[in-house]
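Here is a protein model to explore step by step. Keep the sequence and the 3D view open as you read.

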Protein chains: 2
Amino acid sequence: VARQHPDGLPASPKPGPKLRPGPKPGPGISFAELPSSEVLAAYVGMHASEFLRALRLRDEDEAAAARVLRRSARRISAALHTYEPLVEAAWAEQLRSELGWLYGILARDQRCAAQLARLCAALARLASVDSGDQVHSTMAIGAARAGALLERQLTLARTRARSAALQAFGSSRFHAVADSVTLLASELPLTVGAAAPAPQVLVPLATAAHRRLAEAVQALPLPKAAYPYNGHARRAALVDLPSQAHAETHAEAGAAGGADETQDAPWHRTRVLVQLSRYALEVLDGMARPPDDWPNAARLREAAGALDRHRQAADASTAAACAARTPRITPATAYALGVLHADQRCEVEAARYAFSRLWQGTVSG
Amino acid sequence: VARQHPDGLPASPKPGPKLRPGPKPGPGISFAELPSSEVLAAYVGMHASEFLRALRLRDEDEAAAARVLRRSARRISAALHTYEPLVEAAWAEQLRSELGWLYGILARDQRCAAQLARLCAALARLASVDSGDQVHSTMAIGAARAGALLERQLTLARTRARSAALQAFGSSRFHAVADSVTLLASELPLTVGAAAPAPQVLVPLATAAHRRLAEAVQALPLPKAAYPYNGHARRAALVDLPSQAHAETHAEAGAAGGADETQDAPWHRTRVLVQLSRYALEVLDGMARPPDDWPNAARLREAAGALDRHRQAADASTAAACAARTPRITPATAYALGVLHADQRCEVEAARYAFSRLWQGTVSG
């Protein structure tokens, strides 16, 4: 059975046709002998070509083009970040900032669309448990109105995002980015040290990226998050918790619930670091045997998926809370938005649980 | 560290001073030789005495007295139900119906108080994650108003319940119940078969009670409920689910969320059967070695606790939904009630999870 995305949305751009960086340790040449510059240039060059192809495709299929542009921009920017000592620092920083600007504009439209789909699906699910009696009719009436309200608000936000994107594509700022990427496709401005073999330069830099991720994860409350329903019936579920985690959970649980909204930021930061680790691994895709302390690429992708869902659910719950502040809404609408908000916070908690279990299980094993 | 009750409420009456049924296989007499009648009469007689003592205590400590009355009434009624063939059928049925009436009246007051405490604690927790910005202030304002509204409604319900209880204690119907219990304390109207030794009569009847429970649990969607966040990010968390449960979860998950409100009833019925099994075991407390297929008493008590929390959370979510139907409430109040409703439904899901894990683990092992 094919694994579906949890909410049926294309959360992150589809992988598309599988591309491979050019220089690979062919017969007779081992990875250990390849210059670092060649490995990095091949990866960056491949995604720069993708980026340029997507630009030419924009007239035919705008959505697909935007997807590929986001995907390539993210990977180029990540590679330049992780392997920064190999490239001219000022130039790389400037390009990364411009790619970030473009990415942000392109992502806004997609995030609004995904959020609307997620919220409407959740409202439909929540209204479907309506048992038809009077107690629940508040939810049924409210869900329809809340759905209409969210659709109005998010469609407006989407329209604004699209016109901002259109404006961006016509700007000289954008043309400067496209020019830089064109340069990347053929030639990467490298530093002197970039000529050293991959194991001496690229491997330690990738290791540093993985370490930054491991440190960020270390700071997360994983023992608590790996414990289901930690924000709910906390002691109820302590039945099969090992005694140490038990004590920690008790100690931490204190005032607020499991997926505390004021605690979203470190999880969002971890999401970015997971992506950086993933792309750092992609650059070294040709390596025969990665070091033992590196994370597993497939599990890292799953971890990224969990943290994507975490961010989507957090965003969706905020959207529900914002919509509840609209003047002159009916109590039934507000009620449905409250249910929706709490439901999405529960999904935040579920995503933290999934990530924690994954991480404690096999990512770093 | 002492285990606290999950919501700090005295959900079920405290065990009080540990009492033991009178006839015990003393030195030189084995359980197998005791007549069934003696074992049952000792258990019922002990709780009848407790009941009568509590009645005398009512002037001093009404709450404590009500707790003991509920506790004794439940146990007498359960023992008469499980071991019905040992007692005069018509008489037992009549007494059980009257004890049920009294229990219902006494429980209403306590349930309103527990519900209010649970809802206010949840509101305080939900408002505490308020990060102070405008997005969340809806919740902070709404939580205070929703708390006041719930307090008004549940205090009114409690006042009604108390006056109903007062009226009941003065009624001739109540005096008839008290007379019947007085009879029980000294003499149980037994059938002829009750003289047979305990292993021949009591053990098969207790086994039948455990079987009824096992059948009810069999009909619950345990594989799904034992899977955390089954109503949320369902596929997200399928990471470590064994493949069969995986397929089942997918098949069942269909339209509605994990702790579907239309599906509460079978869990509530199971709660009653768990209590019957518990009290059936209590009657046979003196038995040296229970049959292997009987549930473990300590685990059964934990299972009862999980299902108590299940019912409390389901009741609380219904109270939140009902309060949201109050005319002329503000949108902020309705929003907070919606959050509260969904939060309590999440606790329902957590309680089902706790019960399922417990049951699949060791209850029947």
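How many helices and strands does chain A have? Chain A has 11 helices and zero strands. Here helices (H or I, at least four residues) and strands (E, at least two) are DSSP runs, numbered from the N terminus. Along the sequence, the pattern of chain A reads α-α-α-α-α-α-α-α-α-α-α.

A word on the source comes next. This is a predicted model, in which local features need pLDDT of at least 70 and side-chain atom pairs count only at pLDDT 80 or more, while totals for chains, interfaces and linings use all residues. Residues are numbered from 1 along each chain as its sequence is written, chains are lettered from A and ligands numbered from 1 in the order in which they are written, and side-chain values use heavy atoms, with hydrogens and water left out.

Now look at the inside of chain A. Of its 365 residues, 53% are buried. Buried means under 20% relative accessible area, exposed means over 50%, and partly exposed lies in between (1.4 Å probe, protein chains only). Contacts reach across the sequence too. A contact means heavy atoms within 4.5 Å. Take the contacts in chain A between residues at least 6 apart in sequence: 82% of them join residues at least 24 apart.

Next, the nonpolar cores. In soluble globular proteins, nonpolar side chains tend to be buried together. A nonpolar core is a set of buried Ala, Val, Leu, Ile, Met, Phe, Trp, Tyr and Cys residues joined through side-chain atoms within 4.5 Å. The largest one here has 72 residues. Which members touch the most others? They are Leu40(A), Tyr83(A), Leu284(A) and Phe355(A). Helix H6 (residues 198-218) of chain A gives this core its largest share, 10 residues. A second, separate core holds 71 residues, including Leu202(B), Val203(B), Ala280(B) and Phe355(B).

Zoom in on Leu284(A). Set aside its neighbours within four places in sequence. Leu284(A) is then in contact with Phe31(A), Val39(A), Tyr83(A), Leu202(A), Val203(A), Ala206(A) and Trp294(A).

In chain B, find Trp294(B). This residue lies in the loop between H9 and H10 of chain B. Is Trp294(B) buried or exposed? Its relative accessibility is 5%, so Trp294(B) counts as buried. Beyond its neighbours within four places in sequence, Trp294(B) is in contact with Val203(B), Ala206(B), Thr207(B), His210(B), Leu281(B), Leu284(B) and Met287(B). Trp294(B) and Gly45(B) are 249 residues apart in sequence and 25 Å apart in space, C-alpha to C-alpha.

Helix H3 (residues 89-128) of chain A has 40 residues. From first C-alpha to last, H3(A) reaches 55 Å, close to the expected 58 Å. The expected span is 1.5 Å times one less than the number of residues. H3(A) bends by about 30° at Ala107(A). That bend is the angle between axes fitted to the seven residues ending there and the seven starting there.

Helix H9 (residues 264-283) of chain A has 20 residues and reaches 30 Å, close to the expected 28 Å. Of its 20 residues, 14 are buried, so H9(A) is largely enclosed by the rest of the structure. Arg271(A) sits in this helix. At 10% relative accessibility, Arg271(A) counts as buried. Its contacts, leaving aside neighbours within four places in sequence, are Leu307(A), Asp308(A) and Arg311(A).

How do helices pack? Two packed helices are described by the angle between their axes and the distance between the axes. In chain B, helix H2 (residues 62-82) and helix H9 (residues 264-283) pack at about 85°, with axes 9 Å apart. Axes are lines fitted to C-alpha atoms, for helices over the stretch in contact, and angles run from 0 to 180 degrees between N-to-C directions. H2(B) and H9(B) are therefore roughly perpendicular to each other, a label for angles of 65 to 115 degrees. Among the residues that meet are Arg74(B) and Ala78(B) in H2(B), and Leu276(B) and Tyr279(B) in H9(B).

Finish with two loops of chain B. Tyr229(B), between helix H7 (222-225) and helix H8 (243-253), has a positive phi of about 55° although it is not a glycine. At 0% relative accessibility, Tyr229(B) counts as buried. Arg328(B), between helix H10 (297-323) and helix H11 (331-363), has a positive phi near 65°. At 81% relative accessibility, Arg328(B) counts as exposed.

Notes. Parallel < 35°, antiparallel > 145°, perpendicular 65-115°, else oblique.
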